Amino acid sequence: MQEGAADPGLYDYGRYRGRPKIVWPGGKTVAVWVAPNLEYYEIDPPAHPQRKAWGKPHPDVVGYSHRDHSNRVSHWRMAEAMSRHGFPGSVSLSVALCQHHPDVVDDAAQRGWEFFSHGIYNTRYAYGMDEAQERAIIEDSIQTVLAATGQRIRGWLAPALTHTPRTLDLLADYGLDYTCDLYHDDQVQEVKVAKGRLASIPYSLEVNDHYGFFVYNMSPRDYADTLIRQFDRLAAEGEASGTVMCIPLHAYLIGQPHRIGAFEGVLEHIAADGRAWIARAGEIVDAWRGQL
């Protein structure tokens with residue numbers, strides 16, 4: 001049998017059954033966090049040799065304007081629904097949005113949402129970056145978000161989910177607390193880094209609205225049902241283990257008029273369930289670290 005590539009060694013193996021239980025505040029069984037992606041896509045970005053920014057030749061007016069619905073209309077529809085039911089956001093932020101559409105960033109800050117970096121633009125990729133370039137993006141993210149919101153970012157979701165082999169080590173080197181870039185678990189886990197500490201908080205591709213609507217071709221009702229089934233299972237299993245549920249959102253998808261009603265029903269379901277600790281990402285990481 002041919003030997004495969006070595007395990008990258010980013011985290012220790014630990015089977016789900018028999019782990020120490022994570023106890024969430026108030027005895028809740030599942031920590032629930034909502035991750036609105038507040039993004040900026042350039043209409044005519046510089047070409048990258050490894051990946052096209054748009055499926056069509058650009059400038060892609062259709063793709064750009066579809067996503068621009070987030071920053072003009074659907075952010076507010078999504079945010080107001082979240083606020084009505086007591087869900088703070090933990091924002092996956094394209095940092096350039098602070099300059100392009102500061103009203104959106106200010107609205108999220110006024111709601112008490114937490115910010116972490118999703119890179120500068122979602123049309124710029126980390127593939128092939130040298131260390132100086134990657135450090136510059138992390139430093140820019142820290143400084144820009146601090147100036148715009150007064151918050152120092154604690155977490156990271158790589159732009160367009162693109163990385164280099166050194167990304168996680170660099171995040172820890174700059175003192176960030178968590179990454180959303182590993183999808184390997186339903187609990188917070190320690191990441192192995194060269195120095196410092198870094199946690200992996202569960203993010204989700206499976207119940208991400210982008211995958212729900214663009215990949216799995218779900219109806220709004222199907223997507224809402226998927227979220228409820230995800231929550232109910234994690235809340236039940238969390239009685240023995242303490243689990244985490246992330247709901248990653250893009251306003252131009254979930255905030256459309258024909259989708260927001262079904263999603264608001266999900267928020268009502270979770271908020272009414274006594275097993276849910278509704279929190280920000282940083283609060284979840286802090287509660288987990290306090291039990292190590």
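Colleague: Which residues in H7 meet which residues in H9?

Modeller: Please bear in mind that this is a predicted model. On the H7 side the contact consists of Pro220, Arg221, Ala224, Leu227, Ile228, Phe231 and Asp232, and these meet His258, Arg259, Ala262, Phe263, Val266, His269 and Ile270 in H9.

Colleague: How do the residues of that contact divide by class?

Modeller: The contact of H7 with H9 divides into 9 nonpolar, 2 polar and 3 charged residues.

Colleague: And at what angle do the axes of H7 and H9 cross?

Modeller: Helix H7 covers residues 220-241, and its axis crosses that of H9 at roughly 15°, with the two axes coming within 8 Å. Angles under 35 degrees count as roughly parallel, so H7 is roughly parallel to H9.

Colleague: Is that crossing left-handed or right-handed?

Modeller: H7 passes H9 in a right-handed crossing.

Colleague: Let us move to H1. How far apart are the axes of H1 and H9?

Modeller: The axes of H1, residues 61-84, and H9, residues 257-272, are 10 Å apart, and the two helices pack at an angle of about 20°. H1 is therefore roughly parallel to H9. The crossing of H1 and H9 is right-handed.

Colleague: Which residues meet there?

Modeller: H1 contributes Arg77, Met78, Ala81, Met82 and Arg84, while H9 contributes Pro257, Ile260, Glu264 and Leu267. By class, the contact of H1 with H9 has 6 nonpolar and 3 charged residues, and no polar ones.

Colleague: What about H1 and H3, at what angle do they pack?

Modeller: H1 and H3, the latter being residues 102-110, pack at an angle of about 10°, and their axes are 10 Å apart. That angle makes H1 roughly parallel to H3. Asn71, His75, Trp76 and Ala79 of H1 make the contact with Asp103, Val104, Asp107 and Ala108 of H3. The classes in the contact of H1 with H3 are 4 nonpolar, 2 polar and 2 charged residues.

Colleague: Which residues line the largest cavity?

Modeller: Its lining is formed by Ala126, Met129, Glu134, Ile137, Trp156, Ala158, Pro159, Thr162 and Thr167. By class, the lining of the largest cavity has 6 nonpolar, 2 polar and 1 charged residues.

Colleague: How much space lies in the second largest cavity, and what lines it?

Modeller: About 50 Å³ of space lies in the second largest cavity. The residues lining the second largest cavity are Asn37, Leu38, Glu39, Tyr41, Arg67, Ser70, Asn71, His250 and Tyr252. In this lining, 3 residues are nonpolar, 4 are polar and 2 are charged.

Colleague: Which element gives the most to that lining?

Modeller: H1 gives the most to the lining of the second largest cavity, with 3 residues. Strand S1, residues 30-38, and H1 each supply at least two residues of that lining.

Colleague: Finally, the second largest pocket. Which of its lining residues are the closest to its centre?

Modeller: The second largest pocket holds about 230 Å³ of space. It is lined by 13 residues, and the closest to its centre are Arg19, Pro20, Gln187, Gln189 and Trp288. By class, the lining of the second largest pocket has 6 nonpolar, 4 polar and 3 charged residues.

Conventions:
Residues are numbered from 1 along each chain as its sequence is written. This is a predicted model: local features need pLDDT of at least 70, side-chain atom pairs count only at pLDDT 80 or more; totals for chains, interfaces and linings use all residues. Side-chain values use heavy atoms; hydrogens and water are left out. Axes are lines fitted to C-alpha atoms, for helices over the stretch in contact, and angles run from 0 to 180 degrees between N-to-C directions. Helices (H or I, at least four residues) and strands (E, at least two) are DSSP runs, numbered from the N terminus. Angles under 35 degrees count as roughly parallel, over 145 as roughly antiparallel, 65 to 115 as roughly perpendicular and the rest as oblique. A crossing is left-handed if the near helix is turned anticlockwise from the far one by less than a right angle, and right-handed if clockwise. Contact means heavy atoms within 4.5 Å. Ala, Val, Leu, Ile, Met, Phe, Trp, Tyr, Cys and Pro count as nonpolar, Asp, Glu, Lys and Arg as charged, and the others, Gly among them, as polar. On a 1 Å grid over the protein atoms alone, a cavity is a set of points where a 1.4 Å probe fits but cannot get out, and a pocket is an open set with protein on both sides within 12 Å along at least five of seven lines; lining residues have an atom within 4 Å of a point. Grid points are joined across faces, edges and corners, and a volume is the space filled by probe spheres set on the points.
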